[in-house]
Number of protein chains: 4
Amino acid sequence: MEQMMRLLHYCGLPEEDVDFVNSDGKTMNKILMEANPRMTLFTGSSRIAEKLAVDLNGRVKLEDAGFDWKILGPDVGEADYVAWVCDQDAYACSGQKCSAQSILFMHENWAATPLLSKLKELAERRKLEDLTVGPVLTVTTEAMLDHVNKLLKIPGAKLLFGGKPLENHSIPSIYGAVKPTAVYVPLDEILKHGNYELVTKEIFGPFQVVTEYKKSQLSMVLEALERMHAHLTAAVVSNDPLFLQEVIGQSVNGTTYAGLRARTTGAPQNHWFGPAGDPRGAGIGTPEAIKLVWSCHREIIYDIGPVLQLWEIPPST
Amino acid sequence: MEQMMRLLHYCGLPEEDVDFVNSDGKTMNKILMEANPRMTLFTGSSRIAEKLAVDLNGRVKLEDAGFDWKILGPDVGEADYVAWVCDQDAYACSGQKCSAQSILFMHENWAATPLLSKLKELAERRKLEDLTVGPVLTVTTEAMLDHVNKLLKIPGAKLLFGGKPLENHSIPSIYGAVKPTAVYVPLDEILKHGNYELVTKEIFGPFQVVTEYKKSQLSMVLEALERMHAHLTAAVVSNDPLFLQEVIGQSVNGTTYAGLRARTTGAPQNHWFGPAGDPRGAGIGTPEAIKLVWSCHREIIYDIGPVLQLWEIPPST
Amino acid sequence: MEQMMRLLHYCGLPEEDVDFVNSDGKTMNKILMEANPRMTLFTGSSRIAEKLAVDLNGRVKLEDAGFDWKILGPDVGEADYVAWVCDQDAYACSGQKCSAQSILFMHENWAATPLLSKLKELAERRKLEDLTVGPVLTVTTEAMLDHVNKLLKIPGAKLLFGGKPLENHSIPSIYGAVKPTAVYVPLDEILKHGNYELVTKEIFGPFQVVTEYKKSQLSMVLEALERMHAHLTAAVVSNDPLFLQEVIGQSVNGTTYAGLRARTTGAPQNHWFGPAGDPRGAGIGTPEAIKLVWSCHREIIYDIGPVLQLWEIPPST
Amino acid sequence: MEQMMRLLHYCGLPEEDVDFVNSDGKTMNKILMEANPRMTLFTGSSRIAEKLAVDLNGRVKLEDAGFDWKILGPDVGEADYVAWVCDQDAYACSGQKCSAQSILFMHENWAATPLLSKLKELAERRKLEDLTVGPVLTVTTEAMLDHVNKLLKIPGAKLLFGGKPLENHSIPSIYGAVKPTAVYVPLDEILKHGNYELVTKEIFGPFQVVTEYKKSQLSMVLEALERMHAHLTAAVVSNDPLFLQEVIGQSVNGTTYAGLRARTTGAPQNHWFGPAGDPRGAGIGTPEAIKLVWSCHREIIYDIGPVLQLWEIPPST
């Protein structure tokens, strides 16, 4: 980034237009508090986002974390493709993407297919050698396995695959190193208080929760979505327009992929990317996003006349 | 308002869609804190606006107070019309409008005309009998006269007109009752620290500050605008496009009227009304305003396929 | 209409803004030729539309006739609803609508259902007494039956229902009076030269052609659509997004309804209505339509300066 | 152009997407008549434009010739700049631009300045050696001088400068070679029938008409504009917003420059360029222009349901 800015300066862009600051969060927070900027776009964790919203009196736009969900609808199809997208969404970059798939809701029709075994197969072909798994920067191995174990104590929960540390590596213990992991938790257990907060905790690593719903349980799935706090990305994997209509119409995530090829992350096209359902929500990636985040409406009303020749001063009001 | 809602219900609108609460601010604040709404549009004073921004973690849109300015440009014209608009902007509704004219910057060309005496004449034809002056709800007579006296202590300041209590009335002393008042303060004094905060204090009553600038002092005027906090409405009274370009280009107020007929308040057309320069700024009055305040961008990306027939699972990444 | 204009005048609208002329086409054509208007919006038959396009040197917008098609896709569903919409699209107002369904392409999956017998049933409950059938203003009984007979000479063609004059009525013979009629013509025969022109002749009365296609024959259906001249409305009755994508992507009709509830006429919402695929195509019914038909782009570029102080006259070029 | 297309093909663009035809107009007309294209964008002379509009039944968009006007308003200023722009607008590229300044209306305030002598000076510094004048491709020397002589017979007309053939050159006589020329014609003479057609004849070479108007004669100027046929570009040289409002509001040219720096041709920004006031008018140069010329509105209305469970077939209508 610094080199990019040097290039821009070399090309003649004004040096005083950008301040580029490398610092820890504490220092940057102090700078912001003193500078009192008119607008701050923050991209990072929900925790710091909420702190900044208060520190800066709400003069913020937030592109924060996401516990991103994917729903597989009733129409089973393109199973290999769907499995591959699930694997990539959850485990590419070792799951270290704000748009990573954190929970997968499978319709019973999908549960009756070999989808889970395909997911397992795809997860298990990942390995350190080709960096298809790798170190996790912000969550330790211990913390991740501890989270897995807590989940496994929920009645009906079971380990689908993974759940073990990576072996034969030199990743320092301040980082995380676990195999791509999925834990199944029954839908009715997810909705219980206590469980819900645990299940929807975002783990910034190669980890996801998987659950299953029957046709009659769609409203429970929708309730689970509604109770989440960060609404970044989502996917509704279905080509059934009535199903899409129902799920999209009752959820609020920002960047929502719909259709049999839907993913939670890394779509090919250049689209708006950001959360929804929050007046502080920022978008990045399109002209509209730039306009909405970095600009604001100003209305200039020209009233040049002429004043009518016969006009006279009217009474006061 | 309550009767309007009863009418809506009578017409069949769903009763559960609106909660209508009459309360003092403290109670409403408590309700908001407990309900934790996704979005709150607040219209009222800057002080409460800032409190709510923090209380609600920035999930607010604000259409708050304004210390609204008007600049008379170098091209003198339509003097009667301009004087009448000034009088209405400052004193109609006894100045109790968030868009009232709070300060008037006169170009020296205007100062050389009888404009000030016209303003005085128009202000003095206002009287209690026809309610062209009236009680001030939120500032007492004492507080207003006290403010006038403080301003008059600034070197060079002078009372242009008003500055006296209304007489022969039965307005209770918890309200304000003063004659339409204008105080002249020299531009260089306005810019001095200490003076500036005093001069730009919003008085929600029939009161304005008047000052004058020479052609060479436009940058001082622009500095005065820049240092203000609330940027609701503004007027640039000029048909000189180069002057308009300079002032509009270097200021940030939301609803800005430009042209010889410019006003700070109550334009005939239905336009966006709201502050600018703040990501929390709300607008009211147009479809765009409603969309920006009450909605947010959500991006649905349909990716229905088909998947290419020759597609095969690619390597993990 | 005349009374409406009198009301407008009574309300104060300027009398000189509208000329309202009742006349036969020949007279109106003469008026247009002499007045040489900057723009003429014509709504009526394709034949007159083409004449006007030449007479007025192309300064026209046309909202002309349509031989409107409906395609039933592979996903059978809501059969009663679909049948009812087909009946209404083809025979409501005795088929005298520019958006009437003129040809129905049934997927073989629909052909295997009782759809045709439902259509027959619905058509046969129509009767003169309640005006669900009625006189045809511009095509005589003889002309319609003659058209039916010509179609029936095509190999494989058969009468599905109707094809007989109405009985026990006093409709003068200069009008048409036939029972709601449908003729089946095989798809491959439709595409043959000679047949094609006959089959796609618009009959402005209660008449439609019905045909069937197999999954493998969709490209033949698309070819039939492509060869049509007027592209007003169309319907693709399917909730299969891949099917919709293929048909919509390869056709060009203006107002195209898509989905299991699709119709060719009279949708509940207020939308743009007009043909597509022709630079002369007019739209009616939305602000965008009004703007596109009755206005045109004009670009005003303000270049007010200032001229740089150091500017000097450069060399000629 | 051909080489550009070869480059595109080399880069992989499909060869069958563009047909590139070099031919005379007669051949191209025959091709168009036989191909019967859905849309033709024509850029060229009004005469051929009108022929094509009929030949192609109005399926055309026209970006045709212009007899482009410039009005100097009452506010004299930046005289050197304005003179230089006039010289360039009329004589750069030897006036061979569809946007060349063909007639100049000077307000009497400008007539009282040395503007005309500045124009003469600038025109006379143009010379063959540096190609600031050059051969005219489509009008011969004789035709241009003949036109000048006809104009000079109008009462009050006079030659301002030019009006002579270029000397010492080897330009073949099938081309034109004249000095930059301006002829003054009184405004009231311009408006007379017979004169008007002569004065507003477009000469695609280094030639312009100049006239003068008094404040009270603005309506005559506006009448002259209204009677013109091609409305391509125009300039209103004034920073007086009331004057701009009046002239722009009562004229219809497509690309209209406004302000003291206004020109008729070659503005620095990339804007829509095209005529207005004609439904066939084409624009070039912006995304909106491309959309309006090469595309058309198509409305897809999705009506996927669901059908209400309690729905029953209603009566026919």
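**Where the chains meet**

Between chain B and chain C the count of salt bridges is zero, a salt bridge being a side-chain nitrogen of Lys or Arg within 4 Å of a carboxyl oxygen of Asp or Glu. A word on the ground rules: this is a predicted model, in which local features need pLDDT of at least 70 and side-chain atom pairs count only at pLDDT 80 or more, while totals for chains, interfaces and linings use all residues. Residues are numbered from 1 along each chain as its sequence is written, chains are lettered from A and ligands numbered from 1 in the order in which they are written, and side-chain values use heavy atoms, with hydrogens and water left out.

Let us stay with chain B and chain C for a moment. Six residues of chain B are in contact with six residues of chain C, where contact means heavy atoms within 4.5 Å. About 500 Å² is buried between the two chains, with carbon and sulfur atoms giving 72% of that area. Buried area here is the accessible area (1.4 Å probe) that two parts lose on being put together, summed over both. On the side of chain B, the residues that lose the most area to chain C are B:Leu242, B:Gln245 and B:Ile304, together 71% of what that side buries. Two residue pairs across this interface are in polar contact, both residues at pLDDT 80 or more. Such a contact is a pair of N or O atoms within 3.5 Å; within protein, one must be able to donate a hydrogen and the other to accept it, and residues adjacent in sequence count only if both atoms are side-chain atoms.

Chain B can be laid on chain C by a turn of 180° and a shift of 0.0 Å along the axis, with an RMSD of 0.0 Å. For this, copies are superposed by least squares on the C-alpha atoms of residues with pLDDT of at least 70 in both. In chain B, B:Pro287 comes closest to the rotation axis, its C-alpha at 7.2 Å.

Now turn to chain C and chain D. Here 68 residues of chain C are in contact with 69 residues of chain D, and the area buried between them is about 6,100 Å², of which carbon and sulfur atoms give 54%. Eight salt bridges are counted between these chains. One salt bridge joins the side chains of D:Arg59 and C:Glu50, at 3.4 Å from N to O.

Strands are DSSP runs (E, at least two residues), as helices are (H or I, at least four), numbered from the N terminus, and two strands pair if DSSP finds at least two bridges between them. In β9(D), D:Thr256 is the bridge partner of C:Ile300.

Finally, chain C can be laid on chain D with an RMSD of 0.1 Å by a turn of 180° and a shift of 0.0 Å along the axis. That is the relation of a two-fold axis. C:Gly58 is the residue of chain C that comes closest to the rotation axis, at 1.8 Å (C-alpha). The same surface serves both copies, as 100% of the contact residues of chain C recur in chain D.
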